[in-house]
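Biologist: Please put the structure up, and then let us go through the labels and the cut-offs behind them.

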Amino acid sequence: KEDWAGGEKVFEPLLASLLVDNGHLATIEMVPDASLAEEWAAKERSRLEAAKAAMGEEELADVIRSTADLKRAQLAEDSAEDLATIPRVGLADLEAKVKEVPTDVSALSGGVPLLTHPLPCAGVVYADVLLDLQRLPVSELPLLSLYAALLTQAGTSELDATALQRRIGARTGGIDVGTKLEQPVGDSGAVGAPDGVVHKLVVRGKAVRDRLPDMLELVHSMLTDANLDAQPKAVELLKESKSRLEAAFLSSGNSFAGMRLSSRNTAVGYATELTSGVSYYEAIKEMLTTAQDDWPSLLARLERLRGTINARDGLMINLTSDPDAIDGVKPQLDAFVGRMPAAPAADA
């Protein structure tokens with residue numbers, strides 16, 4: 001207690017040695033058992049029958065009365081006095097002003113924009129690496145979901161898919177890959193032009209401050225060295241997407257109809273239809289056929305996509321961390337930026 005009160009790190013070294021840096025590993029393989037539920041039900045019936053057989057008539061009557069009393073109590077309306085004890089939130093409890101997140105805009109090496117948000121984060125650093133997707137041909141937009149999934153699920157040249165996920169779990173709080181598609185805001189907060197679009201690939205991760213270099217190394221490996229030549233995984237992902245969309249058509253067909261109608265009004269609507277709507281479903285069927293029958297062709301498209309978007313001139317980093325940690329992590333961000341290609345690949 002005295003060490004902790006004096007500001008000395010007490011728990012961090014223990015967590016690092018016993019959990020984060022602990023090399024012990026247990027692999028558990030779970031096998032489904034189709035009869036397990038029935039076995040549990042049979043044991044439960046046997047236990048209840050044995051308990052009932054051990055009871056006398058008076059005990060059985062007490063159980064029946066207690067059950068009836070419990071049901072009545074559960075179904076009874078709460079009294080006004082009891083309801084009055086429940087805490088309530090009124091208008092006076094709500095803040096009238098919207099909280100604004102502090103944002104500082106600066107630049108890293110090579111002029112890469114850096115957005116920082118100094119907030120209390122308990123030693124955790126949240127980092128978003130954004131790559132510009134507007135330089136992609138429209139025909140390649142349906143490929144983005146498959147590409148993003150392969151970054152996290154196909155491994156790299158040094159780590160297979162399982163090893164990559166284990167390292168992410170051991171050294172970070174998680175790394176996710178997705179896309180951001182929005183209509184830009186106009187002057188003074190007005191609605192932006194219908195042909196305007198902001199489209200980014202977003203690699204989002206979090207880690208404690210000491211593990212930020214590890215997280216950035218993993219992000220760099222995923223962006224530049226992901227094993228895109230993973231035909232079985234690509235076929236699996238495309239089949240999953242196809243099945244998921246077919247199920248969604250049945251339950252939410254109206255939303256897909258609205259998406260298709262909206263595609264005629266704005267550039268964002270058009271891009272959304274190509275990456276999430278009926279048009280995307282048609283593209284998935286074509287990509288699945290290509291992945292099964294002409295894999296080198298689809299692989300070449302994936303590699304061109306990577307070469308097109310991996311460039312410093314389309315890179316942006318968004319960082320949220322404790323105020324006193326931001327200046328300390330900027331050199332690590334500069335090192336990450338310096339390792340990214342300066343411009344799109346010549347053959348992209």
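**Labels and cut-offs**

Modeller: Strand 4 (residues 175-182) and strand 5 run antiparallel and are joined by eight bridges. The model is a predicted one, where local features need pLDDT of at least 70, side-chain atom pairs count only at pLDDT 80 or more, and totals for chains, interfaces and linings use all residues. Residues are numbered from 1 along each chain as its sequence is written, and side-chain values use heavy atoms, with hydrogens and water left out.

Biologist: What makes strand 4 and strand 5 a pair?

Modeller: Two strands pair if DSSP finds at least two bridges between them, and here there are eight. Strands (E, at least two residues) and helices (H or I, at least four) are DSSP runs, numbered from the N terminus.

Biologist: Why is helix 6 called largely enclosed?

Modeller: Because eight of the 10 residues of helix 6 (residues 144-153) are buried. Buried means under 20% relative accessible area, exposed over 50%, and partly exposed in between (1.4 Å probe, protein chains only). The buried residues are L144, L146, Y147, A148, A149, L150, L151 and T152. Their cover includes helix 7 (161-171), strand 4, strand 5, helix 8 (212-225), helix 9 and helix 13 (295-309). Just after helix 6, G155 takes a positive phi of about 75°.

Biologist: What is L146 in contact with, leaving aside its neighbours within four places in sequence?

Modeller: A234, L237, L238, L298 and L302, where contact means heavy atoms within 4.5 Å. L146 is also among the residues with the most contacts inside the largest nonpolar core, together with L201, L223 and F336. That core has 67 residues. A nonpolar core is a set of buried Ala, Val, Leu, Ile, Met, Phe, Trp, Tyr and Cys residues joined through side-chain atoms within 4.5 Å.

Biologist: Why does L19 count as exposed?

Modeller: L19 has 60% relative accessibility, so it counts as exposed. Helix 2 (residues 11-20) gives the most to the patch, six residues.

Biologist: How do you know that R72 and D69 meet in a salt bridge?

Modeller: A salt bridge is a side-chain nitrogen of Lys or Arg within 4 Å of a carboxyl oxygen of Asp or Glu. For R72 and D69 the N to O value is 2.1 Å, so the pair meets the definition. Both lie in helix 4 (residues 57-75), three residues apart, about one turn of the helix. An α-helix has 3.6 residues a turn, so residues three or four places apart point the same way. R72 counts as exposed at 52%, whereas D69 counts as partly exposed at 41%.

Biologist: What about E236 and K233?

Modeller: Their closest N and O atoms are 3.6 Å apart, and they form a salt bridge. E236 is partly exposed at 35%, and K233 is partly exposed at 22%.

Biologist: How many salt bridges does the whole structure hold?

Modeller: The search finds 17. D21, R211 and D214 are linked in a network of them.
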